[in-house]
Amino acid sequence: MQGRSNRRLADAIGAVAVLATAGMMTAPVALADTSASRIKNCADSDWCAYHRTVDTAWRYSPLAQINKDNIGNLNVAWIFQPGESIQGLHSTPLVVDGAMYVSTNPSLVWKLDAATGKRIWGYKPEMDPAIISRTFFPHTRGLAVGDGRVYIGQADGYLTALDDATGEVIWTKQLVDSAKETAGFSGAGTFVDSDLFVIGQNGGEYPVEGKIFGVDPKTGNLKWTFYTTGRDDPKALATWGGDSWKYGGGGSWQPGTVDYENNQILIGTGNPNPDYDFCGSDCRDPNANAHRPGDNLYTSSTVALDLDTGKLNWYFQEAPSDPYDYDAAPGEYIIFNDDQGRRLVLHPGKNGFNHVHDVATGQPLNVYPAMNNHNWTSGFNLETGQWENMLWPVAGEKTLVCPAIDGGHSWNPGSYNPNNGLHYRIVNEWCMYLTVNPEEGGPATAGSETRVTEPFAVAFMAAEWEGAPPPGDSTHGRLTARDPVSGEIAWEKRYDIIPHSGLLTTGGDLLFNATYDGWLEAMDANTGDLVWRFNLGSGTNGGIISYEAGGKQYIAVATGHGSHVGRALATAYHADKLINYQEGALIVTFALN
């Protein structure tokens, strides 16, 4: 196992399922049916992947046992507390064949009985604390299952497959040298089929080449690698000044959506390194005097990769020469058919826009602003294929930029309801004051001691930023329900504190959201009317799911304050409302009485 060891959690670092049999271990149960066919054709009762399905990413559950008429009888069924809390809880649990799988920070994995919350097994990798403390992302946002294995991308750069029945390590492979590159894995991978697993490394802010890996899920052997800064692509290399592509960042840190029909995966890439540049209006000129002049392909882009080879089919750059950390990695790639029968993909970007493409060709069909307040561009011209009137940072000048570094959409995903054709999303209405300092975090060569030992200097010391409200308004969040193609809003709801949970819609015409001041809410998906709420006691950064076990429908939420965005919410933007907020981690699960 390459010198790696697996520690079974007999005592599970204090983890507990709050039940009549609280805290008790159970004997390993029979292997759950996580066959490739079941994952690809996800049953209504299951939540098979990060967005429930690997090929639509709707975050919609067809289950309707819980509905508007009986939701008043919804109560807590069980609670799972993992015990260790580092930057809260960010992940989305999976449920397949009555078993729940959840990852917690940093890179722990749990298998639970989905009906009772009783712990079946736990896995805690032995990772070098020095390496983990130096990474910007010592956490996990999710995992994947398939063919009797549970897959976790670890913060230390290892990808590990665990036996579903026992939690023992089947194989573990180091795909990223985290000690050298200050990058690893934080997002869930994608189990495509019995022959392919896809996962991207993080590290947009660090001097690395961003990579997306295609792996054999049976062995962990590498099948292909896509380099997000274009190492083997002359078109991409021409958009990087000098050798800046060698340390250009662009890590891909959230799962994509599989387009089986066109044999490709649609996935987002991160921002280039360093986060900010000082080139003013010349940023897109690869000969400009700057850290990384040029458009910096294929960072901050949607890329469509061939499943067999990892080769690029098409791309769309959501922020050329990305000056404000508007990477395209977060969010969801929703594949759906519109009322004209076109097969489309929608991606809400950190840049504050919604991007609608033909799924096969990548042709942009509509790019519309989701924010009320954005000033980094006047918009995207579909005829010229260009972002227009971009706002560029100028060295030493304090500039108001909207949206802020955390994006008009952050990494918490929305939901698409096929029953009414609406897409639901949290939109962040916030800004920042940015001052770029060209003398700091300069264009050191890849692998320099400064970049390796002081990663935060590269990531953030090249600029100073502070949170700011939108002009003439206060910082707030908007929950929008809109036509995903035209952007027309059916209804919306304002939150004075920006929510940061994933959303869920169900066959019972319900929409679930968790607020950052502690409430889990259920709304009428068609009108937005509030029909139920429960106080979780903490802000939520994780996902909300629905599943069936033993003939009963459950709603489960991964709650717990933490994460870099969560900390910003509680300090830079909402410090007056979120006082002395403490980080935590809980899975809280609900069912009808």
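Reader: What should I know about the numbering and the computed values?

Author: This is a predicted model, in which local features need pLDDT of at least 70 and side-chain atom pairs count only at pLDDT 80 or more, while totals for chains, interfaces and linings use all residues. Residues are numbered from 1 along each chain as its sequence is written, and side-chain values use heavy atoms, with hydrogens and water left out.

Reader: What makes C42 and C48 a disulfide?

Author: A disulfide is a pair of cysteine sulfur atoms within 2.5 Å, and the sulfur atoms of C42 and C48 are 2.2 Å apart, so the pair meets the definition. The link of C42 and C48 is right-handed, with 90° about the S-S bond.

Reader: Why is C42 called buried, and why C48?

Author: Buried means under 20% relative accessible area, exposed means over 50%, and partly exposed lies in between, with a 1.4 Å probe and protein chains only. C42 has 13% relative accessibility and therefore counts as buried, and C48, at 1%, counts as buried too.

Reader: How many disulfides does a search of the whole structure find, and which pattern do they follow?

Author: The search finds 3 disulfides, and with bonded cysteines counted along the chain they follow the pattern 1-2, 3-4, 5-6. One of them joins C279 to C283, with an S to S distance of 2.1 Å, and both of these cysteines are buried.

Reader: What makes a set of residues a nonpolar core?

Author: A nonpolar core is a set of buried Ala, Val, Leu, Ile, Met, Phe, Trp, Tyr and Cys residues joined through side-chain atoms within 4.5 Å. The largest has 87 residues, of which M100, F512, Y547 and F590 touch the most other members. Apart from it lies another core of 57 residues, among them A188, C283, Y326 and W430.

Reader: What makes a space a cavity and not a pocket?

Author: On a 1 Å grid over the protein atoms alone, a cavity is a set of points where a 1.4 Å probe fits but cannot get out, whereas a pocket is an open set with protein on both sides within 12 Å along at least five of seven lines, and lining residues have an atom within 4 Å of a point. The structure holds 2 cavities of 30 Å³ or more. The largest cavity is lined by 17 residues, of which A49, Y50, V54, G189 and T190 lie nearest its centre. The second largest pocket is lined by 13 residues, with R284, Y315, Q317, G385 and Q386 nearest its centre.

Technical notes
Points joined across faces, edges and corners; volume = space filled by probe spheres on them.
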